[in-house]
Amino acid sequence: EIDLDVHITMFHFDCEAEPSLQNSLFVEYKFINRSVEYLSDVYAGVYADLNVGCSTDDYLGTFTDNYGTQVYAYNATPQDTDCTSTWQGIPPVVVVNHLRTPFDEFGNHLSTTSMPIYLSNEAPPGARPPGNPQEYFYALNNRFIDATPLVEGGLGYQASQYVADYA
């Protein structure tokens with residue numbers, strides 16, 4: 001049994017001077033080990049379903065800059081017309097960024113180790129979203145649900161021999 005507290009704080013700014021913050025949601029996670037046992041090999045992940053309007057015409061990608069690695073999603077077309085989307089107007093861009101990564105036992109920031117992107121249910125069977133504990137463990141280790149590593153190119157699934165850290 002693990003005696004672990006997970007504290008989640010969510011907030012947003014009402015800042016007219018910075019429009020990008022108007023539509024930003026910040027989430028902070030704090031993990032506290034209440035056990036007398038030292039925890040090693042702990043994995044934590046954030047799973048985000050980044051459908052933007054209709055999920056059948058979204059583009060996904062990642063980029064790394066001074067703020068870390070971000071995963072983003074945007075709509076292929078200015079408006080969703082081929083499905084029953086409830087989105088009004090032009091669909092937005094969605095970005096997930098780890099502004100601050102966890103600390104190790106010495107107080108040093110750990111880096112983001114992986115950011116895989118999963119495809120819809122129309123994807124090859126091994127590239128579909130995780131659905132059980134073993135598949136989520138693979139995701140935290142930058143692998144698809146059939147344990148195939150994320151690679152450069154194409155959809156990241158069996159596209160090349162070059163293993164990638166980010167999609």
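Student: Okay, which residue in β4 is the bridge partner of T62?
Tutor: That's V71. Before we go on, keep in mind that this is a predicted model.

Student: Got it. How many bridges are there between β3 and β4, and in which sense do they pair?
Tutor: There are 8 bridges, and the pairing is antiparallel. Strand β4 covers residues 68-75.

Student: What sheet do those strands belong to, and in what order do they sit?
Tutor: It's an open sheet of 3 strands, in the order β3-β4-β5, with antiparallel pairing. The strands at the edges are β3 (58-65) and β5 (94-97), and each of them pairs on one side only. On average, neighbouring strands in this sheet are turned by 20 degrees against each other, ignoring direction.

Student: Let's zoom out. How many helices and strands does the protein chain have?
Tutor: You'll find 2 helices and 5 strands. Starting at the N terminus, the elements go β-α-β-β-β-β-α.

Student: New topic: how many salt bridges are there?
Tutor: The count is 1. It joins R34 and D5, whose closest N and O atoms are 2.7 Å apart.

Student: Why does that pair tie together separate parts of the chain?
Tutor: Because R34 is in the loop between β2 (26-33) and β3, while D5 is in strand β1 (residues 4-11), so the parts being tied together are 29 residues apart in sequence.

Student: And why would side chains like that pair at all?
Tutor: Opposite charges can pair when the charged atoms come close.

Student: What about rings? How many aromatic pairs does the structure hold?
Tutor: It holds 4. One of them is F11 with F26: the ring centres are 5.4 Å apart and the planes are at 10 degrees, so this pair is stacked. F11 sits in strand β1 and F26 in strand β2, so the pair links parts 15 residues apart in sequence.

Student: How far apart are the ring centres of Y72 and Y74?
Tutor: They're 6.1 Å apart, and with the planes at 15 degrees the pair is stacked. Both tyrosines are partly exposed, Y72 at 24% and Y74 at 34%.

Student: Last topic, the inside. Which residues make up the largest nonpolar core?
Tutor: There are 6 residues in it: A123, A127, F144, L150, Y157 and A164.

Student: What does Y157 touch?
Tutor: Leaving out residues up to four places away in sequence, Y157 touches P124, G126, A127, F144, D146, T148 and V151.

Student: And what percentage of the protein chain counts as buried?
Tutor: Of its 167 residues, 23% do. As for contacts between residues at least 6 apart in sequence, 38% of them join residues at least 24 apart.

How values were computed. Residues numbered from 1 in each chain as written. Predicted model: local features only at pLDDT ≥ 70, side-chain atom pairs only at ≥ 80, totals over all residues. Heavy atoms only, no water. Pairing = 2+ DSSP bridges. Helix = DSSP H or I, 4+ residues; strand = E, 2+ residues; numbered from the N terminus. Axes fitted to C-alpha atoms, helices over the stretch in contact; angles between N-to-C directions. Salt bridge = Lys/Arg side-chain N within 4 Å of Asp/Glu carboxyl O. Phe/Tyr/Trp six-rings, centres within 6.5 Å; stacked < 30°, edge-to-face > 60°. Buried < 20%, exposed > 50% of the residue type's maximum accessible area, 1.4 Å probe, protein only. Core = buried A, V, L, I, M, F, W, Y, C linked by side-chain atoms within 4.5 Å. Contact = heavy atoms within 4.5 Å.
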